[in-house]
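Thanks for coming. Let's go through the model on the screen.

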Amino acid sequence: MDAALRAIAEPHRREILRLVGDEELAAGEIASHFDLSRPAVSQHLRVLVDAGLLESRREATRIIYRARPEGLSELRDYLEGFWATGLRRLKRAVEREMEDTERATRR
Amino acid sequence: MPPGDDVIEQEIRIAAPPEAVFPFFTDPEKMRRWKGMDHKVDPQPGGIYRVNIDGTHVARGEYVEVNPPHRVTFTWGWEDDGNPVPPGSSTVEVTLTPDGDDTIVRLVHRGLPLEAVEPHAAGWRHYLARLAIAGSGADPGPDLGPS
């Protein structure tokens, strides 16, 4: 999950995700949106694919990219899990303290 | 669209009054019992909120609102280099509502990079809407560490 978090930390990569959110695009079409070298764009695409946020297929001599929505769901699950786990721990901590207080009061 | 394409919302019921729950967001000794190892907090507007989650990941922000025992709001992010949620970039709002002898704790985390990814694009929008409907009962999945 760290890979997806780090992948979207970079503004160009977020822009790539926006571009391919609606339609499949070839690497060259994606590159034409940026003032970046082709190798730099290729590098960003590779990071996004490795992070599970993009998928690609080959069509003749072109590589076509599209968003992989499951990648976002993993990111969302991760962040939700972070707080869900935290709140369950909070509940246990507070209720344990309440029990201790009640026990002390009864004495 | 359902609320929260860019928002994480969580709710839990705790068998204690809000007065007992609130200090767990402001008192380092109590915070330690549920989240993180090391805490540096100054619970007043503008005061620091810094939690070393697991020795590696450090969450940092500032308190925005401290209104015991009803509500506490703080900005939030990770200090790790290159993290998409840098310190102070997102906001966590915690509301404590009494319900009988219990407290409903509601946590809303806004300004997450889900928003940055969330586009005008119909494909993502559709998928995120379905996620929101799926709700929060899912397996928490990988965690940052022992929170």
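Start with a definition: two residues are in contact if their C-beta atoms, placed from the backbone, lie within 7 Å. Now chain A. Among its contacts between residues at least 6 apart in sequence, 56% join residues at least 24 apart.

Some ground rules. This is a predicted model: local features need pLDDT of at least 70, side-chain atom pairs count only at pLDDT 80 or more, and totals for chains, interfaces and linings use all residues. Residues are numbered from 1 along each chain as its sequence is written, while chains are lettered from A and ligands numbered from 1 in the order in which they are written.

Confidence next. pLDDT is the predictor's confidence in each residue, from 0 to 100. Chain A has a mean of 86, and 93% of its residues reach 70 or more.

What does chain A contain? Five helices and three strands. Those are DSSP runs, numbered from the N terminus: helices are H or I, at least four residues, and strands are E, at least two. The order along the sequence is α-α-β-α-α-β-β-α. Helix α1 of chain A, residues 2-7, has the lowest mean pLDDT of the elements, 73. Strand β1 of chain A, residues 25-26, has the highest, 94.

On to chain B. Strands pair if DSSP finds at least two bridges between them. β3(B), residues 48-52, and β4(B), residues 58-67, pair antiparallel over five bridges. R50(B) stands opposite R60(B).
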